[in-house]
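Trainee: Could we go through the charged side-chain pairs together?
Mentor: Gladly, let's have a look.

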Amino acid sequence: PTCLILALDASGSAAMQRLAQAKGAVQLLLSQSYARRDQVCVIGFRGAHAECLLPPTRSLVRAKRALAKLPGGGGTPLASALQQCLLQALRLQREGQTPMLVMLSDGRANVTLAGLGGRQQAQAEATELARHWAQTGLASLWIDTAPQPEPCAQELARHMQARYLPMPHLQAQRLADAMQREQALA
């Protein structure tokens, strides 16, 4: 069985329209994954930390409820998100599942693991955790949600050994299609 771990950037740099489209894509993916018996897990990040909004599930109702609770705004705790995703993926792998990470972010970290501001340290911590992800050998896709391709996102995707896909005009169906293609390749 496969579990798609979706990490959604809900920080201030992620415009509300993009967040709404990402939420729509998650709902589309859940509908598609139900037929394949796959699971979806959602990690949201904004403010000081990342949190698991939705533990692995096939339930569309639970997903809608969890996503509705995700407000936008605040800093970008990218390292915290990568740490949460890594912990979730390793747990899933121990349980015999095949995790795959889809990161939706512009890659501009500005909150450290300690929950404090500091762009340089936050970016360094995110880079280190991206390298840890690469060491797992697990599949990953970085969807750059910035209006223009963002060098920070490209660099983090490279460190993760993730496929990088710029998607400046985020649309739920297009996003769901990209994730489904990536799952088929994994």
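Trainee: Is E155 buried, partly exposed or exposed in this predicted model?
Mentor: Buried residues lie under 20% relative accessible area and exposed ones over 50%. E155 comes out at 35% relative accessibility, so its class is the one in between. That makes E155 partly exposed.

Trainee: Which residue does the side chain of E155 meet in a salt bridge?
Mentor: Look along helix 5, which covers residues 151-160. Its residues E155 and R158 are three apart, so about one helical turn separates them. Their side chains meet at 2.5 Å, N to O, and the relative accessible area of the partner is 51%, which makes it exposed. The partner of E155 is R158.

Trainee: In the salt bridge between R108 and D106, which residue is buried?
Mentor: Good one to check! The two side chains meet at 2.6 Å, N to O. R108 has a relative accessible area of 31% and is partly exposed. At 2% relative accessibility, the buried residue is D106.

Trainee: What is the N to O distance in the salt bridge of R91 and E95?
Mentor: Here R91 is partly exposed, with a relative accessible area of 30%. E95 is partly exposed too, at 48%. A salt bridge needs nitrogen and oxygen within 4 Å, and for R91 and E95 the distance is 2.6 Å.

How values were computed: Residues numbered from 1 in each chain as written. Predicted model: local features only at pLDDT ≥ 70, side-chain atom pairs only at ≥ 80, totals over all residues. Heavy atoms only, no water. Buried < 20%, exposed > 50% of the residue type's maximum accessible area, 1.4 Å probe, protein only. Helix = DSSP H or I, 4+ residues; strand = E, 2+ residues; numbered from the N terminus.
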